[in-house]
Amino acid sequence: MGTLKSRGLRGSILEEMINNTNEYLQEEGLALIQKIPTPITPVQMDEHRHITLAYFDKKSTVDYIGVVQGIPVCFDAKECAFDRFALQNIHEHQVRFMSDFEKQGGVSFFLIYFSEKELYYYLPFRNFFPFWDRMQQGGRKSFLFSELDEKYVIEGPCTNRIPYLVSLQKDLDNRDDE
């Protein structure tokens, strides 16, 4: 039997917090953001019709997609134990989807929980892409927390919700300035 630190359960608390946040945002009329389920095909089921074995139908795109006050958004949630984020946790088809989403006028980003630091970080896609490009060019296959822009650290109480809309607003403001 797996423990809470198993790969299968990693990020489930982060996902629960994001889901709580998104429910709150919807109740307040601020946003409508949905979790995108990963498509699976059941292979085996027990006598109670619970799936005991399944495989993934196809590659998923991002974890969440929706709209915030008329602005289309998509994002992926990741958890990182240390100061170094391994880019192998992000797949090429996700990068392609997020890039295409931005080309259509949407906003793509990553919400990363750095568990050792106990902090949440909003990583705009355009700030992520140089790390990805560096890796594609044969450079480092990770980025360090120290390489990130500290203005996107998510401030405030994060008991059961992550106030990421403040960082989204900073992202939008910076896009206007560019």
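Mentor: Let's start with helix H1 (residues 12-27): at 1.5 Å a residue its 16 residues should span 22 Å, and its end C-alpha atoms are 22 Å apart, which agrees. The expected span is 1.5 Å times one less than the number of residues. Helices (H or I, at least four residues) and strands (E, at least two) are DSSP runs, numbered from the N terminus. Keep in mind that this is a predicted model, where local features need pLDDT of at least 70 and side-chain atom pairs count only at pLDDT 80 or more, while totals for chains, interfaces and linings use all residues. Residues are numbered from 1 along each chain as its sequence is written, and side-chain values use heavy atoms, with hydrogens and water left out.

Trainee: Which residues of H1 are buried?

Mentor: Buried means under 20% relative accessible area, exposed over 50%, and partly exposed in between (1.4 Å probe, protein chains only). In H1 the buried ones are Leu14, Met17, Ile18, Thr21, Asn22 and Leu25. They cover an arc of only 135 degrees around the axis, so they sit on the same side of H1; that arc is taken from the directions from the helix axis to the C-beta atoms. On the other side of H1, Ile13, Glu16 and Glu27 are exposed.

Trainee: What do the buried residues of H1 pack against?

Mentor: Contact means heavy atoms within 4.5 Å. The buried residues of H1 pack against strands E1 (31-35), E4 (64-68), E5 (71-80), E7 and E8 (119-124), plus helix H4. Just after H1, Gly29 takes a positive phi of about 75 degrees.

Trainee: How do I read a nonpolar core?

Mentor: In soluble globular proteins, nonpolar side chains tend to be buried together. A nonpolar core is a set of buried Ala, Val, Leu, Ile, Met, Phe, Trp, Tyr and Cys residues joined through side-chain atoms within 4.5 Å. Here the largest one has 47 residues, and Phe109, Phe128 and Tyr164 have the most contacts inside it. Strand E7 (residues 107-114) gives the largest share of this core, seven residues. As for Phe128, its contacts are Leu87, Ile90, Val95, Phe110 and Leu123, leaving out residues up to four places away in sequence.

Trainee: How many aromatic pairs are there?

Mentor: Rings of Phe, Tyr and Trp (its six-membered ring) pair if their centres lie within 6.5 Å; planes under 30 degrees apart count as stacked, over 60 as edge-to-face and the rest as tilted. That rule gives 16 aromatic pairs. Take Phe125 and Phe128: the ring centres are 5.9 Å apart and the planes are at 35 degrees, so the pair is tilted. Phe125 also forms a tilted pair with Phe129, 5.9 Å centre to centre with 50 degrees between the planes. Being four residues apart in helix H3, Phe125 and Phe129 are separated by about one helical turn.

Trainee: Is Phe129 buried, exposed or partly exposed?

Mentor: Phe129 is partly exposed, with a relative accessible area of 34%, whereas Phe125 is buried at 6%. Elsewhere, Tyr64, Phe75, Phe109, Tyr122, Tyr152 and Tyr164 form one aromatic cluster.

Trainee: Which charges lie over the faces of Tyr64 and Tyr24?

Mentor: A charge sits over a ring if NZ of Lys or CZ of Arg is within 6 Å of the ring centre and within 35 degrees of the ring normal. Lys35 does this at Tyr64, 5.5 Å from the ring centre, and Arg161 at Tyr24, 3.9 Å from the ring centre.
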